[in-house]
Amino acid sequence: MAAHRKTAHRKPKQRPFTGPAARTAATLALAGAATAAASGTPAGADPQLTSAQVKARVDRLYREAEVATEHYNGAKEQVTSAARAVEDLRDEAARRTQRLNASRDAIGALAAAQYRGGGLNPALQLALSSDPDEYLERASYVDRAADRQSSALRGIQGQIVGIAQLRARAGREIAALTSRRAELAEHRSTVHAKLADARKLLATLTASERAAYETSADAAHGTSLRAGRSASRSAVAAPRTRAAQAVAFAYSSLGKPYVWGATGPSAYDCSGLTQAAWRAAGVALPRTTYTQINAGTRVSRSQLAPGDLVFFYAGITHVGLYIGGGQMIHAPRPGAPIRIASISDMPFAGATRVG
């Protein structure tokens with residue numbers, strides 16, 4: 001009986017497929033393997049991108065990296081400004097504390113002298129004085145000293161309040177600095193991530209496909225250098241207006257690499273180049289694209305003149321220096337050097353005239 005119960009609870013063995021079921025399962029498995037092998041991707045994965053799709057995604061990543069770069073540039077400028085403000089407040093607090101300590105020393109000496117000389121009641125001093133005129137002269141001095149002491153005490157109180165307010169301002173600036181540094185790190189990480197993703201995508205292309213992707217940039221770079229040599233000579237020979245000086249600087253920078261966050265002299269990003277060009281002409285521009293567009297007078301596309309700043313994309317994330325004839329000099333993106341390009345190559349967003 002026990003043996004019967006043991007047999008009844010034993011789990012039946014799984015039998016392999018046989019007959020038509022086995023043939024169907026084998027066919028489905030082979031078909032799935034063949035599909036995965038033909039597509040070059042694991043079963044269930046996204047199909048492999050075409051070279052055109054890779055290039056489009058890389059272009060988009062470069063644009064997104066440039067957006068993050070401009071935010072990084074702005075945050076870096078704010079960090080520098082906040083750090084300078086904190087340092088100035090600390091220096092001022094130290095100077096005021098030094099003056100406060102000197103005032104405290106002076107009032108302490110005055111109080112000690114008054115204590116040593118003020119042991120007798122004024123009426124008794126007058127009674128014991130052999131020279132009333134001398135006493136009256138002393139009393140007048142004591143009154144003046146008391147006035148000075150009261151004024152000094154009020155001054156010390158004012159200094160203490162001022163130092164407390166100064167330290168409170170410094171605390172707020174330090175908090176802002178900490179926040180700006182966090183933003184800076186975030187934007188830096190974003191730029192690095194976008195550029196790393198672009199490099200990974202480019203690595204999926206064959207050598208010939210990568211070469212084709214860079215061909216247009218290389219061709220434009222060669223044209224830029226040839227045009228630059230002749231145009232630069234004419235720009236330098238032109239009257240030394242500020243716009244001509246900025247344009248001449250841009251021509252002299254042709255061929256230098258794009259490096260995000262760079263302001264020269266060996267490499268630039270887009271707004272770093274325009275800032276440096278106008279700095280060479282004696283004009284101080286702000287650091288970022290979205291602040292440079294407000295640094296001068298807005299002009300329409302039909303009114304463009306050499307030296308104007310031309311901006312692109314809805315977020316004002318790219319800038320170049322107009323050189324005439326519908327062309328500009330700009331720092332395009334990683335892997336593409338500073339070059340001459342048409343202002344029609346990107347969505348035009350506006351222009352500003354400075355100087």
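Two strands are taken as paired if DSSP finds at least two bridges between them. Helices (H or I, at least four residues) and strands (E, at least two) are DSSP runs, numbered from the N terminus. The model is predicted: local features need pLDDT of at least 70, side-chain atom pairs count only at pLDDT 80 or more, and totals for chains, interfaces and linings use all residues. Residues are numbered from 1 along each chain as its sequence is written, and side-chain values use heavy atoms, with hydrogens and water left out.

The sheet comes first. Six strands form an open sheet in the order S1-S6-S2-S3-S4-S5, with antiparallel pairing. Strand S1 (297-299) and strand S5 (339-342) stand at the edges. Each has a single partner strand, so one side of each is left without a neighbour in the sheet. From one strand to the next, the twist averages 40°. Axes here are lines fitted to C-alpha atoms, for helices over the stretch in contact, and angles run from 0 to 180 degrees between N-to-C directions. Strand S4 (residues 327-330) is joined to S5 by four bridges, and the two run antiparallel. Met328 has Ala341 in S5 as its bridge partner.

Strand S2 (residues 309-312) has neighbours on either side in the strand order. Four bridges join S2 to strand S3 (residues 318-324), and these two run antiparallel. Within this pairing, Leu309 is bridged to Leu321 in S3. Another four bridges join S2 to strand S6 (residues 348-353), again antiparallel. There, the bridge partner of Phe312 is Phe348 in S6. Both faces of S2 are covered. Leu309 and Phe311 on one side, and Val310 and Phe312 on the other, are all buried. Buried means under 20% relative accessible area, exposed over 50%, and partly exposed in between (1.4 Å probe, protein chains only).

S2 and S3 form a hairpin with five residues between them. Two residues in this loop have positive phi. Tyr313 lies in the loop between S2 and S3. Its phi is near 75°, a positive value in a residue other than glycine. Ile316 is found in the loop between S2 and S3. Phi of Ile316 is near 55°, also positive in a residue other than glycine. At 15% relative accessibility, Ile316 counts as buried.

Helix H7 (residues 242-252) lies across S3, S4 and S5 and runs at about 110° to S3. Helix H8 (270-280) lies across S2, S3 and S4, at about 45° to S3. Contact means heavy atoms within 4.5 Å. Nine of the 11 residues of H8 are buried, so this helix is largely enclosed by the rest of the structure. Among the buried residues of H8 are Cys270, Leu273, Ala277 and Trp278. H8 is followed by Gly282, whose phi is positive, near 85°. The loop between H7 and H8 holds Pro265. The peptide bond from Gly264 to Pro265 is cis, with omega near 0°.

Aromatic contacts were then examined. Rings of Phe, Tyr and Trp (its six-membered ring) pair if their centres lie within 6.5 Å; planes under 30 degrees apart count as stacked, over 60 as edge-to-face and the rest as tilted. A search of the whole structure finds three such pairs. In one, the rings of Phe249 and Tyr268 have centres 6.3 Å apart and planes at 80°, so the pair is edge-to-face. Phe249 lies in H7 and Tyr268 in the loop between H7 and H8, so the pair ties together parts that are 19 residues apart in sequence. Tyr268 counts as buried, at 3% relative accessibility. In another pair, the rings of Phe312 and Phe348 have centres 6.0 Å apart and planes at 85°, so this pair is edge-to-face. Phe312 lies in S2 and Phe348 in S6, so the pair ties together parts that are 36 residues apart in sequence.

Phe312 is buried, at 0% relative accessibility. Phe348 is partly exposed, with a relative accessible area of 26%. The charged end of Arg301 sits over the ring of Phe348, 5.0 Å from its centre. A charge sits over a ring if NZ of Lys or CZ of Arg is within 6 Å of the ring centre and within 35 degrees of the ring normal.
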